[in-house]
Amino acid sequence: MSEEILKENMNEERLRHMIEAGEAAELSEYIKENNPIDVAQAAEYLDDEELWKMCSILSSEDIASVLEQAKDELRVRFTYALSNNELLEIFSSMAQDDIVDIIGDLTIGRRKAIVNMMKDKDRTEITNLLEYPADTAGGIMTTAYIAIKEDLKVIEGLEKIREIGPKIEIIEIIFVVNARGQLIGTADLRDILSSDKNMLIADITKENFISVEPEMDQEEVAKLVSKYDLKAIPVVNQRMAILGIITVDDIIDVIVEEYNEDILEMGGVSKEESLDTTLLQSIKLRLPWLLINLITAFMASFTVKVFEGTIAQVVALSSIMTIISGMGGNAGSQTQSILVRQIATDKIDFKRVWRSFVKEIFLGVIDGTINGLITAIIVMILYRNIFLGVITVIAMIGNLVVAGIFGFLVPVILDKFGADPAVSSSIFVTTATDVLGFFIFLGLANIFLPMLI
């Protein structure tokens, strides 16, 4: 058992023991001494009664620290154990983007009830944030940031920072606005601290900044933050008024979420499915992809059927052709994976990457030749037929070239038409290498048939 799993088990056992014993002070101290995310992970294994008891003995601040690190499913379970008034009290210790995430998972009736119970200012901000889809810049931004006017002196700016700072997640980056409330740049806290106190904030403002609109997809935002190595990125409207900011920790969550989503979708599995998904839900999520794969499998089967007479005369072909198609599928997956990753980080213009496309063709020839020769030697030893070895080499080269072409073009074409390459590429690439692999190999076998019998 790994050290990490042992630690998780120890956290779970200790947490459960303190809850059962009603050790409120010890539990509160335990949360403060440990990283809240470790406590949140341990809490995932608690049953509903234990979770309710945990909420009943903890302060709102302690629950808030755990909720901020908890996964969505655990957050929902926490809300079942808490009344609306208790949730409001907990929200007073939480960042607004986390509050919006929790409220967004509530039933419509309870969501309206809690929002209506909020103070006017909080209600307006939360309502505005809830309007944005969860996977957009507006959906992941927080309204907790420091913005100061450009005409303030440094000493006045520092007073403003001291006033707002304790409530803000990131204070290293100060956003600077003009008299009309428009974002005009940023200032580093280091520059403010080291500048003359009578200098204007405008004099130390960096006007070259990156911003996004609230409708931008969170994945595109993550690319910008990664490209420009940002700690936070402002979200602005068309008038350049700052609506909120997205911090780097939220961007990390987005990157992990998008990565997991792409991995699952490449396997034909929805991001909504987990080990706890019900049987009926799993059937609904998986069956459509399996039916699509079934159709493509029939296409390969029909190709084999065309040459069943040839296979009947040379039974050895049936075992060799699976090697040819399998190697083509593996080679196609290699190329496809590289393209999907490239598309995920940047847009691809085929006019600029045609050399890479040509490289994939030459790579197919070289890899096909090496693998084909190895396979041909074994085939000739087993079946003692040099012509069987020759068509094996040619077919292997042909199918690996096909793999390179389709592995490269399919993701690019799907992306061009707005489809997600991570979801659909593998189906088309595998179909191409199976169908054309069988066709090339069995077609050559049909031509060389008199020499194979």
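Exposed means over 50% relative accessible area, buried means under 20%, and partly exposed lies in between. The exercises below apply these classes to a predicted model.

**Exercise 1.** Where does Ser92 sit, and is Ser92 buried or exposed?

*Solution.* 
- Step 1: Locate the residue. Ser92 is in the loop between helix H7 (84-91) and helix H8 (96-104).
- Step 2: Apply the cut-off. Ser92 has 60% relative accessibility, so Ser92 counts as exposed.

**Exercise 2.** Explain why helix H8 is largely enclosed by the rest of the structure.

*Solution.* 
- Step 1: List the buried residues of H8. They are Gln96, Asp97, Asp98, Ile99, Val100, Ile102 and Ile103.
- Step 2: Compare with the helix. Seven of the nine residues of H8 are buried, so the rest of the structure largely encloses H8.
- Step 3: Check for charge links. Asp98 joins Arg75 and Asp101 in a network of salt bridges.

**Exercise 3.** Describe the salt bridge between Arg123 and Asp120.

*Solution.* 
- Step 1: Take the distance. The closest N and O atoms are 2.9 Å apart. The cut-off for a salt bridge is within 4 Å.
- Step 2: Arg123 and Asp120 are three residues apart in helix H10 (residues 120-130), so about one helical turn separates them.
- Step 3: Recall the helix geometry. An α-helix has 3.6 residues a turn, so residues three or four places apart point the same way.
- Step 4: Classify both ends. Arg123 is partly exposed at 25%, whereas Asp120 is exposed at 55%.

**Exercise 4.** Which parts does the salt bridge of Lys206 and Asp188 tie together?

*Solution.* 
- Step 1: Take the distance. The closest N and O atoms of Lys206 and Asp188 are 2.6 Å apart.
- Step 2: Lys206 lies in the loop between helix H13 (189-194) and helix H14 (218-228), and Asp188 in strand E3 (residues 183-188), so the pair ties together parts that are 18 residues apart in sequence.
- Step 3: Classify both ends. Lys206 is partly exposed at 39%. Asp188 is buried at 18%.

**Exercise 5.** Which helix gives the most to the negative patch?

*Solution.* 
- Step 1: List the patch. Asp72, Asp105, Asp135, Glu169, Asp217, Asp249, Asp253 and Glu257 gather on the surface.
- Step 2: Assign the helix. H15 (residues 248-266) gives the most, with three residues.
- Step 3: Check one member. Glu257 is in H15. Its relative accessibility is 36%, so Glu257 counts as partly exposed.

How values were computed
Residues numbered from 1 in each chain as written. Predicted model: local features only at pLDDT ≥ 70, side-chain atom pairs only at ≥ 80, totals over all residues. Heavy atoms only, no water. Patch = residues over 30% accessible without salt bridge, like charges linked within 9 Å, V, L, I, M, F, W, Y side chains within 5 Å. Areas by Shrake-Rupley, 256 points an atom, 1.4 Å probe, with all protein chains shown as cover. Salt bridge = Lys/Arg side-chain N within 4 Å of Asp/Glu carboxyl O. Lys, Arg positive; Asp, Glu negative; His and termini not counted. Charge placed at Lys NZ, Arg CZ, Asp CG, Glu CD. Helix = DSSP H or I, 4+ residues; strand = E, 2+ residues; numbered from the N terminus. Buried < 20%, exposed > 50% of the residue type's maximum accessible area, 1.4 Å probe, protein only.
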